[in-house]
Amino acid sequence: MHASSSSSRFRDPRYSKESFIDVVLVQCPMCAKVARVVPAPRAVGSGPPSMFDQRSLVCRSCGLSRQSRKDKSGALLTFSRGPGPITDPYFQVPLWLQTQTRHGRIWAYNPEHLEVIGQFVQAPLRERAPWHESGKKMTFIARLPGWMKRAKNRTEVLRAIDRTRASLVN
């Protein structure tokens with residue numbers, strides 16, 4: 001059974017997918033083991049952290065270390081679209097936490113992201129924030145694919161999430 005806390009109610013915390021990109025787990029382009037994309041060191045007094053800050057890709061297994069750069073258009077971030085593996089927005093290397101199901105791909109930037117998805121899928125009662133409350137309405141939970149939200153797919157999706165989570169231990 002799913003290792004997440006067993007709650008029958010899930011209330012959307014109103015996160016966007018960008019809320020989880022502070023630390024992104026990726027497949028190291030050198031050794032194919034788990035690596036991290038983290039914020040690069042910042043100058044003192046340079047303002048609050050931003051998702052547009054420069055990032056570092058660091059692998060503890062092989063010692064790889066790279067700094068992110070802006071692409072030819074001047075963009076620092078490029079989010080994955082289309083078929084194939086989902087990549088991180090800074091280095092475009094495959095995410096570590098992803099798996100294919102017969103319905104589609106399940107992916108997460110980090111364990112916290114995967115945990116929120118698991119809590120949502122597991123809960124039979126899913127609540128969105130009331131329409132009259134201020135704040136983001138189209139959260140990453142609201143944007144999950146329909147097949148992932150269907151109760152008939154719950155067991156398969158939770159199994160895939162557990163497989164993905166297990167890849168962190170190996």
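Colleague: In which strand does alanine 35 lie, and what makes a run of residues a strand?
Modeller: Alanine 35 sits in strand β3, residues 34–39. Strands are DSSP runs of E with at least two residues, helices are runs of H or I with at least four, and both are numbered from the N terminus. Some ground rules follow. This is a predicted model: local features need pLDDT of at least 70, side-chain atom pairs count only at pLDDT 80 or more, and totals for chains, interfaces and linings use all residues. Residues are numbered from 1 along each chain as its sequence is written, and side-chain values use heavy atoms, with hydrogens and water left out.

Colleague: Is alanine 35 buried or exposed, and how do you know?
Modeller: Its relative accessibility is 2%. Buried means under 20% relative accessible area, exposed means over 50%, and partly exposed lies in between (1.4 Å probe, protein chains only). At 2%, alanine 35 therefore counts as buried. Across the protein, 38% of the 170 residues count as buried.

Colleague: What does alanine 35 touch?
Modeller: Contact means heavy atoms within 4.5 Å. Leaving out residues up to four places away in sequence, alanine 35 touches Val24, Leu25, Val26, Cys28, Leu57, Val58 and Cys59. Serine 61 is 26 residues from alanine 35 in sequence, with 7.9 Å from C-alpha to C-alpha.

Colleague: What share of contacts in the protein joins residues at least 24 apart?
Modeller: The share is 61%, taken among contacts between residues at least 6 apart in sequence.

Colleague: How do the elements run from the N terminus on?
Modeller: The order is β-β-β-β-β-β-β-α-β-α-α. That gives three helices and eight strands.

Colleague: What makes β2 and β3 a pair?
Modeller: Two strands pair if DSSP finds at least two bridges between them. β2 and β3 have four, in the antiparallel sense, so they meet the rule. Within this pair, glutamine 27 stands opposite valine 34 in β3.

Colleague: How many bridges join β3 to β4, and how many join β4 to β5?
Modeller: Four bridges join β3 to β4 (residues 55–58), and the two run antiparallel. Proline 39 stands opposite arginine 55 in β4. Three bridges join β4 to β5, again antiparallel. There, leucine 57 stands opposite arginine 66 in β5. β4 and β5 form a hairpin with six residues between them, and glycine 63 in the turn has a positive phi of about 85°.

Colleague: Why do β2 and β5 stand at the edges?
Modeller: The four strands form an open, antiparallel sheet in the order β2-β3-β4-β5. β2 (24–27) and β5 (65–67) each have a single partner strand, so one side of each is left without a neighbour in the sheet.

Colleague: How many disulfides are there, and what is the rule?
Modeller: The count is zero. A disulfide is a pair of cysteine sulfur atoms within 2.5 Å. For cysteine 59, the nearest cysteine sulfur is that of cysteine 31, 3.6 Å away. For cysteine 62, it is that of cysteine 28, also 3.6 Å away.

Colleague: How are cysteine 59 and cysteine 62 classed by relative accessibility?
Modeller: Cysteine 59 has 2%, so it counts as buried. Cysteine 62 has 38%, so it counts as partly exposed.

Colleague: Why is the contact of arginine 9 with glutamate 127 called a salt bridge?
Modeller: A salt bridge is a side-chain nitrogen of Lys or Arg within 4 Å of a carboxyl oxygen of Asp or Glu. Arginine 9 and glutamate 127 meet at 2.5 Å, N to O, so the pair qualifies. The pair links distant parts of the chain: arginine 9 is in strand β1 (residues 9–11) and glutamate 127 in strand β8 (residues 125–127), 118 residues apart. Glutamate 127 is partly exposed, with a relative accessible area of 23%.

Colleague: How many salt bridges does the structure hold?
Modeller: It holds five. One of them pairs glutamate 156 with arginine 102, whose closest N and O atoms are 2.9 Å apart. Arginine 102 counts as exposed, at 69% relative accessibility. Another pairs arginine 165 with aspartate 162, also at 2.9 Å between the closest N and O atoms. Arginine 165 and aspartate 162 both lie in helix α3, three residues apart, about one turn of the helix. Salt bridges that share partners also join Arg9, Arg11 and Glu127 into one network.
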